[in-house]
Amino acid sequence: MTLNKNFSSDGKLFTIQIKGKFDFNLVQDFRSAYSEIGDKTPKVIIDLRETDYMDSSALGMLLNMKKSLGDSVSSIQIANCRPQIKKILQISRFDKKFDID
Amino acid sequence: MRILVVDDQAVNCTLLKYMLEQESHIVFCVSNGKEAVEQFTGINPDIVLLDVMMPIMGGFEAAPLIKKQANDVYLPIIFITALDDQKSLTRCLEVGGDDFISKPFDKIILSAKIKAHTRTRELSLKSFQQKKLLEFHQNEVQREHEIVEHIFKNALIEHLNVPDIFDYHLSPASMFNGDLFLASPSPIGGLYIMLGDFTGHGLSAAIGALPTSKTFYSMAHKGLSVGEIASELNNMLSDLLPSHMFCAASILEINKTGRSVNAWLGGLPDGYILDEIGQVKRVLASQHMALGILESYEFEDSIVHFEVDNTDRILVLTDGIIETSDKHNEFFGEDRVLDIMSYSKQAKISDVVDAVKEFHGDIEQQDDLSLALIYCKATPLPDDEPRSFSKIPMTFNVKLEHEQLKLSDPVVQFVDLICSIEGASEHRSNIFLLLAEAYNNALDHGILGLDSQGKDTEEGFYQYYEQRAEALLQLNSGTLNFTALYQPDTQTVLFTIEDSGDGFCTTHCHHADNKSHTHGRGLGLMEEIANNISYNDVGNKIHINYCLNERATNT
């Protein structure tokens, strides 16, 4: 379970990548990751390609991020979900609030 | 030297034998051409002294037959002759003779002639041996090349499993290719593409292609990001390659919709996003140094990200194409490539390749030529394989005391336990979610007595987890029981989680549908994913029924 973050070369894209387990153990790490985003309005991608597990506390964290960032980012995309993770997001109607590819 | 004397006159034989043996040669005598031809292989002479006039078979007739048996090594034939007319001497040379010695024999002239021909014979023998050695090595090298070629073919062949959404051309300047084009489907849908160009060409350049392709495919199968793939390849190549060798590469990931692309670009010439009619929409300029140069701590894995339309195409190429020169030393150049691509909607890679070939004409190809055109189309996930399920009933039972509750986060271990049942591992994310929700509810509310109210606000959310950590630290009693029962007839797992708390119905049971309030979003998710959920009367024990024989992702 780890969290990686980085800006793209042009600084317009901020990616948070979560490996393994996305649950309450990441509460602090996740919050401090998105607090780095300034007002340069980058696009944010939450890359879940290596996320095997996710529970409702992860959903809570994503919602908090959205509330906290508000209009300071142009869009938040949840990308590269594995099918079961995508299903969890769909059941929770996250597709209405986030851009899920 | 072994010398064969062919003469029907015994006196000549004896004389020659005597003279030559004094010079430490080994001498054999036969009395006519036929005997010489028949005994040639057995005697295996280095020099032949051949009389012209003999019964049965004369020297003119025997000479070509003897020469024939000498194969590839020079065998001097010296005619013994009393004739001195020009016609006879010419005839001697025509039938394969190399020299003459006239009767009566002069010892000094004979000795000098034998010495001269010995030198030539020795030289010829040496060069024959070298030729044989060379042939042996050539065969050896060819055999090795065939083996290597076979391995290369197998190592690079995986792209055949990939949907047909790209068009590419690779033409090596020699037998082996220092350029490589790899493609692999991603486990989350979508496609990885890599075009690489190793320094130089030929076998030394191609050798890096093997570990590169293996690494690329194994990372692609794990569904890693292009930055991670680039970083791993860089580490592997910088360990492996000598310092003057590296691999310029573009690594792309096109997601399953075909509309979003991530790219790590290191050292190749500009790539292009072309629209439907072949106009350049975006230039993909290299961002980084080639793979295999930088140490891992210096390496940059940052990527470019861009959106494309499903009618767009991505063109990537190696410098072999643009640096192909014509007889005036002019480069083919990027502009010619782009012009060809914009001639018509149907412009293909082969059109560029044909133009490059025509351009360089009969000048030898200097470098490996590679280019690829990738169509930005959707690539849905491949079909699932048929599944099978364990036929053995199983029960797992874990009891955790408060010391273990304090120190461990056992849900993933529970999941691993359940996924050891054949047919369950496909469901690991769902099983995790069910168990994580049930476990955390039992621990947070049943044992730690936390209240979820206030969790709706951002601050409340973080405070809740701080309180939880604090309460866990103080915990000095409580137990939690986890049971899983697998029933093979229904392919169902029944999970039970029971805590030592009072149950939510006794602590917070204000009204009937309190559950949704207490457990919030988690319970809704569990109800959607499980087949059935029930509680005991007091609410400290939850039963979850989950069937494995349904697609984990059916909604």
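Helices are taken here as DSSP runs of at least four residues, numbered from the N terminus. In this predicted model, helix α2 of chain B spans residues 33-43 and contains both B:Lys34 and B:Glu38. These two residues are separated by about one helical turn, because they lie four residues apart in that helix. Their side chains form a salt bridge with an N to O distance of 3.0 Å. B:Lys34 is partly exposed, its relative accessible area being 40%, whereas B:Glu38 is exposed, at 55% relative accessibility.

Over all chains, the structure contains 22 salt bridges. One of them joins the two chains: the pair runs from A:Lys21, in strand β2 (residues 13-22) of chain A, to B:Asp409, which is located in the loop of chain B between α12 (402-407) and α13 (411-419). The N to O distance in the salt bridge between A:Lys21 and B:Asp409 is 2.7 Å. With a relative accessible area of 10%, A:Lys21 is classed as buried, because the class covers residues under 20%.

B:Arg336 is partly exposed, at a relative accessible area of 30%. B:Glu330 is likewise partly exposed, with a value of 40%.

Definitions and conventions:
Residues are numbered from 1 along each chain as its sequence is written. Chains are lettered from A and ligands numbered from 1 in the order in which they are written. This is a predicted model: local features need pLDDT of at least 70, side-chain atom pairs count only at pLDDT 80 or more; totals for chains, interfaces and linings use all residues. Side-chain values use heavy atoms; hydrogens and water are left out. A salt bridge is a side-chain nitrogen of Lys or Arg within 4 Å of a carboxyl oxygen of Asp or Glu. Buried means under 20% relative accessible area, exposed over 50%, partly exposed in between (1.4 Å probe, protein chains only).
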